[in-house]
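Please take a moment to look over the sequence and the 3D structure below. The paragraphs after them go from one whole chain to the contact between chains, and then to particular parts of the other chain.

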Amino acid sequence: MKRCGKQVCVLLLILSLTICIQDIHSASAYIGDRTWPQVSEYPSLHIIGFGDFNYSDTDARGYKSGFKEGQFVLHFTSALSPKVNFYGEVSLTARADAGTAGKGLQTGESVPPAPGFNPEVERGFIRFDQSDYFKVSFGRFHTPINWWNTAFHHGLWLQTSIGRPEMVQFGGMFIPVHFVGGLVEGALPTHGLNVNYNVGVGNGRGSVVSRAGDAGDNNNDRAWLINLFTKPDHFFGLQVGGSLYRDRITLAPKEFDEWIAAGHIVWQKENPELIAEYANVNHHELGSSSSSNSPAYYIQAAYRLPWFEALWKPYYRFEYIRIPRTEVVFKGSDFDRTSSIVGLRYDITQFAAIKAEYRNQHRPDQPRVNGYSLQTSFTF
Amino acid sequence: MGRLKPLFEFWISLFVVGLCLGMFPSEADAATNGDVAVVVHPDVPADDLSLAEVRRLLLGDRQFWSYDLPVTLLIRAPIARERDVVLKIIYQMSEAQFRQYWIAKVFRAEVAVGPKIVYSNEMATGLVGSIPGSISFVDAAQVPNGLKVLKVDGHLPGEKEYPLR
């Protein structure tokens, strides 16, 4: 069964590549025949950026309030031909340990001081668009098993609230935020239902569970995912979907099977804006009867007020994550919680916003924490 | 009667001059007054689209007419009435929402580029005529010969049930 799965994955990739190569040739012929006016513009690189600055404070014991520089994000789009494009997203994140020297983990030798900002290639993939029904890409993605994760990426200005829901927090481990491998995607009109699909094969989680296997997989079992969602014509603004993700996690000497089932319903207009997502992460330890289910969900509602030039947008979000005590893979994590967020977004211009947010959070066996945050986020 | 003749001649002359200067609408102009026509390159393999299909094209959700003919979207610059009609009826967005929508669309890597901006109906029709697969939205009274005007929900500009006005 395992060998059969691998063969199917490899066959799918070969098939995709074959179709790509055939169509790249036919696309070139098309350009030659029709003298496509943009042909001289390839490669055509466009860059957009996102940034944010924050202030936060809480009544949690030991928390230090203050300003914080957010991520500096650059997004690259480069058309290589009418049907082949490269997409990249790079972030620079301020480091708390900037300037401090340390010791090598293995050798104990001194290592150079940590830089002020941590660079990361968040996304980087090449995609071939055969048609609306069939697109193939290879590289590093945000895993398309969660709506928020692929709707806003690292562009905080795009999202209504200051932060992401805890279940898709960057650096978090509840859902594998990144995915290294290949994706096939497309959209089918299907009588106005507009069914979209993503099917992917990749490395899955690395030895550090919060990270994708960028430099290679740490086992011989590929992760795969299926994501389906619909955007029906008759309810313009509505998106409903669900996804399934399967991986084998190696945390030597133990191995775990991981199944993630997720669903979302989103009303994307701003009066009102409604986002609800649910995910359940199942881990089963191989060679053992031990199995655990970790559910999480959030519901966010917002409304762009029609007065004052429609610049104000209040919002509310409730989040829930429960990690059972029997859970091994997430052991030591701190994202078991319920929280409520109330906030207000004000759009200073069409490309910059100020957000103010109050958060009330409760974690098991700990006192309730109240906090507030301010943020300005923008695109450039 | 003889005294009225000069007055009659005056009004006739005024009417003829007015017609020459374009002061009076032609029959075609009157019929399409305010309608925004969906114009496409003659090669586009479509004649009649539903409003939902037009919306999918404008949202960038449909990017190909056929597998070898990509859609090139041409949209009027802000302030133009054609843009207002398209934003109100098809996108159902404000100007700010429209801009954020396309920034997000490119950022999500769902499209490589956003719509191309055109600054006049003449520029729009000129580019539609020269770029295969292109589509734009222009004042129905200013559509030159040689371009294909699509029906929307089975109706052409000037018809009572035409939705884009």
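Predicted model: local features only at pLDDT ≥ 70, side-chain atom pairs only at ≥ 80, totals over all residues.

**A walk through the two chains**

Residues are numbered from 1 along each chain as its sequence is written, and chains are lettered from A and ligands numbered from 1 in the order in which they are written.

The secondary structure of chain A comes to 2 helices and 19 strands, where helices (H or I, at least four residues) and strands (E, at least two) are DSSP runs numbered from the N terminus. Where chain A meets chain B, the contact (C-beta atoms, placed from the backbone, within 7 Å) takes 31 residues from chain A and 25 residues from chain B. On the side of chain A, the elements that give two or more residues include helix 1 (2-34) and strand 1 (44-58).

In chain B, 6 strands form an open sheet in the order 2-8-1-7-5-6, with mixed pairing; two strands pair if DSSP finds at least two bridges between them. The edge strands, each pairing on one side only, are strand 2 (48-49) and strand 6 (116-118) of chain B. Within this chain, strand 5 (residues 72-76) and strand 7 (residues 134-139) of chain B pair in the parallel sense over 2 bridges, and L73(B) has I135(B) in strand 7 as its bridge partner.

How do two of the helices of chain B meet? Helix 3 (residues 51-58) and helix 4 (residues 81-91) of chain B pack at an angle of about 115 degrees with their axes 10 Å apart, the axes being lines fitted to C-alpha atoms, for helices over the stretch in contact, and the angles running from 0 to 180 degrees between N-to-C directions. Helix 3 and helix 4 of chain B are therefore roughly perpendicular to each other, a term for angles of 65 to 115 degrees (under 35 is roughly parallel, over 145 roughly antiparallel, and the rest oblique). Their contact is made by V54(B), R55(B) and L58(B) of helix 3 and by V86(B), I90(B) and Y91(B) of helix 4.

Finally, D153(B), in the segment after strand 8 (148-152) of chain B, is partly exposed, with 16 other C-beta atoms within 10 Å.

Terms used
Contact = placed C-beta atoms within 7 Å. Buried ≥ 20, exposed ≤ 12 C-beta atoms within 10 Å, placed from the backbone.
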